Amino acid sequence: MTRPAKDWPAAGPTVWVLLGEGAGGNAQMIALAEALGWSYETRQLDWNRLNHLPNPLIGARATTLSSRAAALAPPWPDLVIAASRRSAPIARWIKKQSGGHTRLVHLLHTQMPLAAFDLVITTAQFRVPEAANVLRATLPLNVIDARRQAEAAKRWAPRLAHLPRPWTALLVGGDSSSHRLDVATAEQLADRVNAVAGANQGSVLATTSRRTPAAATAAIAARLVAPHYLHHWRADDADNPYPAFLALADRFVVTGDSASLPAEAAATGRPVDLFEWPARRSPRSLPAMVKPIHRALVYGGWHKPRRDFAAFHQGLRDAGLVDTPTPAPPPPDMARAVAAIEQLMGWHTGTPDSYSSTGYAS
């Protein structure tokens, strides 16, 4: 259901962004709110132990919020942007309090019945079922902060000037629910970037991350033989070179254990070599007779499927973003998301050319 454009004030609909604990999800929500161009307010959520209950049992309730969470009180917004599992019951509660007026746009996954949300924006690894209110993006809705990168590049370029060009940035992830970066894999990663830098007679700009195990970091440090600078990530780091590497590198080698690293490298438009290794537990193919049951459990929020990074990576390759010497421009994921929300809210009339008039699924 859309609201007629003539009902909105000139400033547009009112928007709340429900911030959680995940930096990646928060960044995507803020980027989407900024792209919409409407004024928005953030609400920082914090949860109590009840958040561990299955979302279908929680329902449209705010009983999972702790006393530290931002106050949620009327006037209720026209639009709520939220992300991931724990925010889903809160978003639904806000809609209930508004008498059904508030529209819900949810990122990543919901682990709740999809029909409870007006629009779900997701990427392949979350394996959200096809539905008319699901919009599939190739990349996360991250936006490169060009100013931040330029400032970091200005600081770091003199420190790296002694290294021969071209520069290959090595962006290292680490352990996650789906992957384990052990010593043997870290050595293979170092060998890969050595080969890339050696073939181009250049050097390596390497940085680890919060999830990189210490043993893997040590293995990479011992194995790098190309001219290089290796940054060891620290929680108290006041000048992380990551944004500078995105701005300065001529090409990238990135680990495939997350969506953000390959996405941010691909957004530069420069060549990206995606380093993959076997997941801890890969999604298994289901017998045909079981698939409808599995889909119903996922659609209803009773089952969270394992993330399928292989499907996400294949989407990047199909779009020409990685593992090619001449990358394609990043797809217009943000423009499609904005157009879908504008249609949902009745901000613009007619059907934008960037998505189907029969629904958002693609």
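This is a predicted model: local features need pLDDT of at least 70, side-chain atom pairs count only at pLDDT 80 or more; totals for chains, interfaces and linings use all residues.
Residues are numbered from 1 along each chain as its sequence is written, and side-chain values use heavy atoms, with hydrogens and water left out.

The secondary structure of the protein chain comes to 11 helices and 11 strands, where helices (H or I, at least four residues) and strands (E, at least two) are DSSP runs numbered from the N terminus. Of the 362 residues in the chain, 51% are buried; buried here means under 20% relative accessible area, exposed means over 50%, and partly exposed lies in between, with a 1.4 Å probe and protein chains only. Among contacts (heavy atoms within 4.5 Å) between residues at least 6 apart in sequence, 69% join residues at least 24 apart.

Helix α3 has 14 residues and reaches 21 Å from its first C-alpha to its last, close to the 20 Å expected at 1.5 Å a residue, the expected span being 1.5 Å times one less than the number of residues. Buried residues of α3 include Arg85, Ser87, Ala88, Trp93, Ile94 and Lys95, and what covers the buried residues of this helix includes β1, α2 (55–58), β3 and β4. Just after α3, Gly99 takes a positive phi of about 75°.

Elsewhere in the chain, an open sheet of 5 strands has the order β9-β8-β7-β10-β11, with parallel pairing; two strands count as paired if DSSP finds at least two bridges between them. The edges are formed by β9 (228–231) and β11 (272–275), each of which has a single partner strand, so one side of each is left without a neighbour in the sheet. Neighbouring strands are turned by 15° against each other on average, direction ignored, where axes are lines fitted to C-alpha atoms, for helices over the stretch in contact, and angles run from 0 to 180 degrees between N-to-C directions.

Within this sheet, β7 (residues 167–171) and β10 (residues 251–255) pair in the parallel sense over 4 bridges, with Ala169 opposite Phe252 and Leu171 opposite Val254. Strand β10 is also joined to β11 by 4 bridges, again in parallel, and Thr255 stands opposite Phe275 in β11. Because 4 of the 5 residues of β10 are buried, this strand is largely enclosed by the rest of the structure. Helix α5 (residues 183–199) packs on the sheet, touching β7, β8 (203–207), β10 and β11, and its direction makes about 160° with that of β11.

The last topic is charge pairing. A salt bridge is a side-chain nitrogen of Lys or Arg within 4 Å of a carboxyl oxygen of Asp or Glu, and by this rule the count comes to 19. Asp182 and Arg180 meet in one of them, at 3.7 Å from N to O; Asp182 counts as partly exposed at 25% relative accessibility, as does Arg180 at 48%. Arg234 pairs with Asp236, their closest N and O atoms being 3.3 Å apart, and here Arg234 is partly exposed at 44%, whereas Asp236 is exposed, with a relative accessible area of 61%. Arg317 and Asp323 form a further bridge, with the closest N and O atoms 2.9 Å apart. Finally, Arg155, Arg159 and Asp239 are linked in a network of salt bridges.
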